[in-house]
Amino acid sequence: MNSPFDLTGKTILITGASSGLGQQAAISSSMQGATLIITGRDKTRLDETLKRLKGDNHKAIIADLCYEEQINNLVDQLPKLNGVVYSVGISDLTPAQFLNSEIINKNYKINFEASVLLSTRILRKKRLLKGSSIVFISSISTVYPFAGGAMYISTKAALEAYSRVLALELAPKKIRSNCLRPAFVKTHMLDETAENYSRAVVDKIEEQQLLGLGEPEDVANAIVFFLSDASKWITATNLILGGG
Ligand SMILES: NC(=O)c1ccc[n+]([C@@H]2O[C@H](COP(=O)([O-])OP(=O)(O)OC[C@H]3O[C@@H](n4cnc5c(N)ncnc54)[C@H](OP(=O)(O)O)[C@@H]3O)[C@@H](O)[C@H]2O)c1
């Protein structure tokens, strides 16, 4: 009998797959038998992800999700899907007193609007099969905020709200929508924090996290679970990873 965690026969779209959590989600999903459509902006790094996938028939599609025509072009190339992982995102550490409309718009464009417009297009083009699973990468910071995170955290809170409405609207088709809320994980995003601030800031973050810094695999394993039939009775949730 197949394990309920097996992804054999499932076709999954992953955004942000050229780096970090999206890249590892693609690799781990392929190891469980999924066929992947991966997308990102950087061709070299996206091709690197493609090379690291287990099995055949995977496909890489370059798209900047800030542009609606590129979203439409991506969706036009999609087969029928069993799941989507939205891992596209940027981090922003601007203290509240320095926020301006440019910073607000940039954060919402990439961290919220890009995923919502892609999701809209996927739904309108009926790309999601009955029983599909949608996974958004939010952040533990919606529950345990950090100073300077006003925009980053607001966009993630908006995504969580959006995901719960999707769960409601799509439940009749047995399509599920869930969010993961990882604490800090060792990816490019964390390196950027160390560069922009200091190693001491990262050390402090590590100290504050109950289970220390995460590895990309720790998040990818939870993504595999949410994509698999093992989670077929779970929707509209936000799962914290890494501790409070
Ligand atoms: N790392 C953490 O500690 C952590 C913790 C909690 C939540 N998260 C969330 O997890 C997600 C992934 O984070 P990560 O650490 O993997 O970050 P990352 O390594 O910086 O990867 C970000 C990904 O987003 C893509 N991207 C950015 N702007 C884009 C755009 N306009 N169009 C298309 N793709 C775009 C990048 O593609 P290109 O490089 O090809 O441009 C890249 O693949 C983010 O949503 C982040 O907020 C991360």
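**Sheet, helices and ligand shell**

Tutor: β4 and strand β5 (residues 128-137) pair in the parallel sense, over five bridges. The model is a predicted one.

Student: Which residue of β5 is the bridge partner of Val85?
Tutor: β4 covers residues 81-86, and β4 pairs with β5 in the parallel sense. Within β5, the bridge partner of Val85 is Val135.

Student: And which residue of β5 is the bridge partner of Tyr86?
Tutor: The pairing of β4 with β5 is parallel, and Val85 has Val135 as its partner there. For Tyr86, the bridge partner in β5 is Phe136.

Student: Which strand does β1 join through three bridges?
Tutor: Strand β1 consists of residues 11-14 and runs parallel to its partner. Ile14 has Val85 as its bridge partner. The strand joined to β1 by these three bridges is β4.

Student: How many residues of β4 are buried?
Tutor: Burial here requires 20 or more other C-beta atoms within 10 Å. Strand β4 is mostly covered, and of its six residues the number buried is five.

Student: Why is β5 described as largely enclosed by the rest of the structure?
Tutor: β5 has ten residues. It is largely enclosed because the number of them that are buried is seven.

Student: What is the handedness of the β-α-β unit made by β4, α4 and β5?
Tutor: The two strands of the unit, β4 and β5, pair in the parallel sense. Helix α4 spans residues 101-124. The unit of β4, α4 and β5 is right-handed.

Student: Which residue of β6 stands opposite Ile137?
Tutor: β5 and β6 run parallel and are joined by five bridges. Strand β6 covers residues 176-182. The residue in β6 that stands opposite Ile137 is Leu180.

Student: What is the strand order of the open sheet, and which strands are at its edges?
Tutor: The sheet has seven strands with parallel pairing, in the order β3-β2-β1-β4-β5-β6-β7. An edge strand pairs on one side only, and the edge strands are β3 (59-62) and β7 (238-241).

Student: Asn57 is not a glycine; what is its phi, and is Asn57 buried or exposed?
Tutor: Asn57 lies in the loop between α2 (43-52) and β3. Its phi is positive, about 70°. Asn57 has 10 C-beta neighbours inside 10 Å, so it counts as exposed.

Student: Where is Lys174, and what is its phi?
Tutor: Lys174 is found in the loop between α5 and β6. With 13 other C-beta atoms within 10 Å, Lys174 is partly exposed. Lys174 is a residue other than glycine, and its positive phi is near 60°.

Student: What separates the C-alpha atoms of Ala161 and Asn82?
Tutor: Ala161 is found in helix α5 (residues 150-170), and it counts as partly exposed because it has 13 C-beta neighbours inside 10 Å. Ala161 and Asn82 are 79 residues apart along the chain, and the separation of their C-alpha atoms is 22 Å.

Student: What span does α1 reach from its first C-alpha to its last?
Tutor: α1 has twelve residues, for which 16 Å is expected at 1.5 Å a residue. The span reached is close to that value, at 17 Å.

Student: How many residues of α1 are buried?
Tutor: The buried residues of α1 include Gly20, Leu21, Gln23 and Ile27. Just after the helix, Gly33 takes a positive phi of about 100°. α1 is largely enclosed by the rest of the structure, because of its twelve residues the number buried is eleven.

Student: Which elements give two or more residues to the shell around the ligand?
Tutor: The ligand is surrounded by 28 residues, and the closest are Gly16, Gly20, Gly40, Gly89 and Thr187. By class, the shell has 13 nonpolar, eleven polar and four charged residues. The elements giving two or more residues are α1 (20-31), α4 (101-124) and α6 (188-196).

Note on methods
Residues are numbered from 1 along each chain as its sequence is written. This is a predicted model: local features need pLDDT of at least 70, side-chain atom pairs count only at pLDDT 80 or more; totals for chains, interfaces and linings use all residues. A residue is near a molecule or strand if its C-beta atom, placed from the backbone, lies within 6 Å of it. Helices (H or I, at least four residues) and strands (E, at least two) are DSSP runs, numbered from the N terminus. Ala, Val, Leu, Ile, Met, Phe, Trp, Tyr, Cys and Pro count as nonpolar, Asp, Glu, Lys and Arg as charged, and the others, Gly among them, as polar. The expected span of a helix is 1.5 Å times one less than its number of residues. Two strands pair if DSSP finds at least two bridges between them. A crossover is right-handed if, with the strands pointing away from the viewer, the path from the first strand over the helix to the second runs clockwise.
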